[in-house]
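Thanks for making the time this morning. I would like to walk you through one model, going residue by residue, and then finish with a pair of helices.

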Amino acid sequence: MAKVHVFKAEMTCDGCSSAITRILDRMKDKGVESVECSLPDQTVKVKSTLDPDVLLEAIKKSGKTCSYIGEGS
């Protein structure tokens with residue numbers, strides 16, 4: 001069952017959030033259902049069946065500092 005995982009990510013512009021979204025979109029065939037980036041909140045919400053550690057490592061590939069906050073809604 002898919003859960004919503006919330007991550008804190010240092011994003012300074014639309015390019016930053018787009019980079020994270022592109023990385024996670026490539027994982028849609030592996031269990032990522034949706035991605036929502038919020039520049040004002042500096043958060044990334046990912047609905048996925050994947051482990052949050054797997055998602056965190058993927059987000060880190062964007063070069064942005066990030067951390068796992070927890071499950072959200």
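Predicted model: local features only at pLDDT ≥ 70, side-chain atom pairs only at ≥ 80, totals over all residues.

Let me begin with T43, which, once its neighbours within four places in sequence are set aside, is in contact with V6, F7, M11, E36, C37, S38 and I69, where contact means heavy atoms within 4.5 Å. Residues are numbered from 1 along each chain as its sequence is written, and side-chain values use heavy atoms, with hydrogens and water left out.

T43 lies in strand 3, and here strands are DSSP runs of E with at least two residues, helices are runs of H or I with at least four, and both are numbered from the N terminus. With a relative accessible area of 13%, T43 is buried; buried means under 20% relative accessible area, exposed means over 50%, and partly exposed is in between, with a 1.4 Å probe and protein chains only. The C-alpha atoms of T43 and E10 are separated by 8.2 Å, although the two residues are 33 residues apart along the chain.

Next comes Q42, in the loop between strand 2 (32-38) and strand 3 (43-48). Most residues other than glycine have a negative phi. Q42, however, has a positive phi of about 60 degrees although it is not a glycine, and at 21% relative accessibility Q42 counts as partly exposed.

S48 also lies in strand 3, and it is buried, with a relative accessible area of 1%.

H5 has its place in strand 1, and with a relative accessible area of 4% it is buried. Its side chain is joined to that of Y68 by a polar contact of 2.9 Å. Setting aside neighbours within four places in sequence, F7 is in contact with residues including Q42, T43, L55, L56, I59 and I69, and the C-alpha atoms of F7 and L55, 48 residues apart along the chain, are separated by 9.1 Å.

C13 has its place in the loop between strand 1 and helix 1, and with a relative accessible area of 35% C13 is partly exposed.

**The helix pair**

Two packed helices are described by the angle between their axes and the distance between the axes. Helix 1 (residues 14-25) and helix 2 (residues 52-60) pack at an angle of about 130 degrees, and their axes are 9 Å apart. That makes helix 1 oblique to helix 2. Axes here are lines fitted to C-alpha atoms, for helices over the stretch in contact, and angles run from 0 to 180 degrees between N-to-C directions; those under 35 degrees count as roughly parallel, over 145 as roughly antiparallel, 65 to 115 as roughly perpendicular and the rest as oblique.

Which residues make up this contact? I20, I23 and L24 in helix 1 meet L55, A58 and I59 in helix 2. The residues of this contact divide into 6 nonpolar, no polar and no charged, where Ala, Val, Leu, Ile, Met, Phe, Trp, Tyr, Cys and Pro count as nonpolar, Asp, Glu, Lys and Arg as charged, and the others, Gly among them, as polar.

How values were computed: Polar contact = N/O pair within 3.5 Å; in protein donor to acceptor, adjacent residues only side chain to side chain.
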